[in-house]
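Visitor: I am new to this structure. Please take me through it, beginning with a single residue.

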Amino acid sequence: MKNSCSVQVDLDSFATLLHFYNYRLTDRELKELSIFYPLVISRFLDLFRRLDIKATFFVAGWDVEGNPEAAESIKLLSSQGHEVASHSYAHQYNFTCLNEKEIESDIQKNSNFIENITGLKPLGFKTPGCCSTAALFAIISRCGFLYDSSVAPSFIYEFWKRMRSISKHNEYRSGKSDFISLISPRIPYRVSRSIWRYKLAGLSPQIIEMPFSCLPFTRVPFYSNSLFMFGENAINRLCYSLLKRNHLIFFMHGIDLVDLYKDNVDIRLRAHPFVSMPLAKKIKHLEVFLQKAKGDFIFKRSDVLAREILNNNK
Ligand SMILES: [Zn+2]
């Protein structure tokens with residue numbers, strides 16, 4: 001039987017990304033940057049319609065609040081059969097360093113925000129910057145989520161994140177992650193039956209973890225940038241043949257479908273990987289890859305795959 005592939009898109013707006021690069025923004029700048037959602041969502045809808053794929057989009061409410069066009073595009077995602085999941089409300093990079101009450105209230109706020117737009121409560125959650133702790137599992141289970149996608153099971157990713165954090169303003173520094181994240185499974189699993197149970201102190205959260213896919217042994221993440229970097233060459237063909245053996249969680253970012261020059265994007269984002277690559281070239285890499293993957297995987301939204309895993313593991 002074929003394995004499943006779930007495409008996840010983190011819709012981090014231009015403003016959120018500028019925070020990542022350590023820029024503080026004025027209200028005027030925030031307003032100017034609000035074109036992000038309608039711009040990228042129309043492109044994703046177009047791409048996924050051509051490929052006949054239903055995907056999962058992670059949304060942070062503050063990116064959308066006060067921007068009716070952005071809210072309209074989220075609504076469109078949902079009405080066209082894509083999943084809208086939660087990426088926290090305020091997209092604070094140090095999310096897992098907040099106290100329990102602050103974390104829970106931010107998560108509830110975003111769930112309500114998304115429900116008000118789509119009419120559906122989000123079933124999936126992902127922390128900003130992919131940070132994960134046992135305490136967080138307990139909270140999101142309590143908040144009624146079906147699955148989480150916050151765990152980054154990769155030493156390389158964690159090291160890169162820590163290094164980037166050193167020179168940042170406190171609020172833009174990465175949150176903490178339990179060490180278990182790094183040695184936890186690379187493929188979707190039931191949290192209460194995984195290595196996490198040693199940290200869960202009697203709690204048994206009914207949550208499925210859907211981590212982004214990493215290569216075996218090296219645990220190097222495989223995602224959109226891997227395609228932009230290596231295209232269809234032998235390295236990617238080898239990675240793909242290794243990843244084909246399990247379910248694949250293929251993650252992307254909203255900015256993947258942005259062209260720095262054509263879209264007249266804030267030049268401070270030129271440091272972002274592949275933002276200067278022509279949009280047509282990026283779309284071609286994605287199309288070639290996803291079209292090929294359609295022959296080997298069954299594509300499912302993350303909530304659909306998580307529910308299947310939960311039911312198969314009763
Ligand atoms: Zn994010």
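**A loop residue, then the whole**

Guide: F217 is found in the loop between β7 and α10 (224–230). Helices (H or I, at least four residues) and strands (E, at least two) are DSSP runs, numbered from the N terminus. This is a predicted model, in which local features need pLDDT of at least 70, side-chain atom pairs count only at pLDDT 80 or more, and totals for chains, interfaces and linings use all residues. Residues are numbered from 1 along each chain as its sequence is written.

Visitor: Is F217 buried or exposed?

Guide: F217 is exposed, because 8 other C-beta atoms lie within 10 Å.

Visitor: Where does H91 lie?

Guide: H91 lies in the loop between β3 and α6 (100–118). H91 counts as buried because it has 26 other C-beta atoms within 10 Å.

Visitor: Let us step back. How many helices and strands are there in the protein?

Guide: The protein has 13 helices and 9 strands. Its C-alpha trace spans about 50 × 45 × 40 Å along the principal axes. Of its 314 residues, 42% count as buried.

Visitor: Which residues have the most contacts inside the largest nonpolar core?

Guide: They are V7, V9, F57, V59 and Y147, in a core of 70 residues. The largest share of this core, 6 residues, comes from α3. A nonpolar core is a set of buried Ala, Val, Leu, Ile, Met, Phe, Trp, Tyr and Cys residues joined through C-beta atoms within 7 Å. In soluble globular proteins, nonpolar side chains tend to be buried together.

Visitor: What does Y147 touch, apart from residues up to four places away in sequence?

Guide: Y147 touches L123, G124, I207, I208, E209, M210, S302, D303 and A306. Two residues are in contact if their C-beta atoms, placed from the backbone, lie within 7 Å.

Visitor: Back to α3. Which residues of α3 are buried?

Guide: The buried residues of α3 are F36, Y37, V40, I41, F44 and F48. They fall within an arc of 100 degrees seen down the axis, so they line one face of the helix. The arc is that of the directions from the helix axis to the C-beta atoms. D46, R49 and R50 are exposed residues on the face turned away from the buried side of α3.

Visitor: What covers the buried residues of α3?

Guide: The cover includes β1, α1 (14–20), α4 (61–64) and α5 (68–79).

Visitor: What about L39?

Guide: L39 is in helix α3, residues 36–51. L39 is partly exposed, because 18 other C-beta atoms lie within 10 Å. The C-alpha atoms of L39 and A70 are separated by 9.1 Å, although these residues are 31 apart along the chain. Just after α3, D52 takes a positive phi of about 55 degrees.

Visitor: Now the strands. In which sense do β1 and β2 pair?

Guide: β1 and β2 pair in the parallel sense over 3 bridges, and Q8 stands opposite T56 in β2. β2 and β3 also pair in the parallel sense, over 4 bridges, and F57 stands opposite V84 in β3. Two strands pair if DSSP finds at least two bridges between them.

Visitor: Which residues of β2 are buried on each side?

Guide: T56 and F58 are buried on one side of β2, and F57 and V59 on the other, so that both faces are covered. In a regular strand the side chains alternate between the two faces of the sheet.

Visitor: Last topic, α13. Which of its residues are buried?

Guide: In helix α13 (residues 302–312), S302, D303, L305 and A306 are buried. They cover an arc of only 165 degrees around the axis, which puts them on the same side of α13. The face turned away from that buried side carries the exposed residues N311 and N312.

Visitor: And what covers the buried residues of α13?

Guide: What covers them includes β1 (3–10), β2 (56–59), β3 (83–86), β4 (124–125), β5 (147–148) and β7 (208–209).

How values were computed:
A residue is buried if 20 or more other C-beta atoms lie within 10 Å of its own, exposed if 12 or fewer, and partly exposed in between; C-beta atoms are placed from the backbone.
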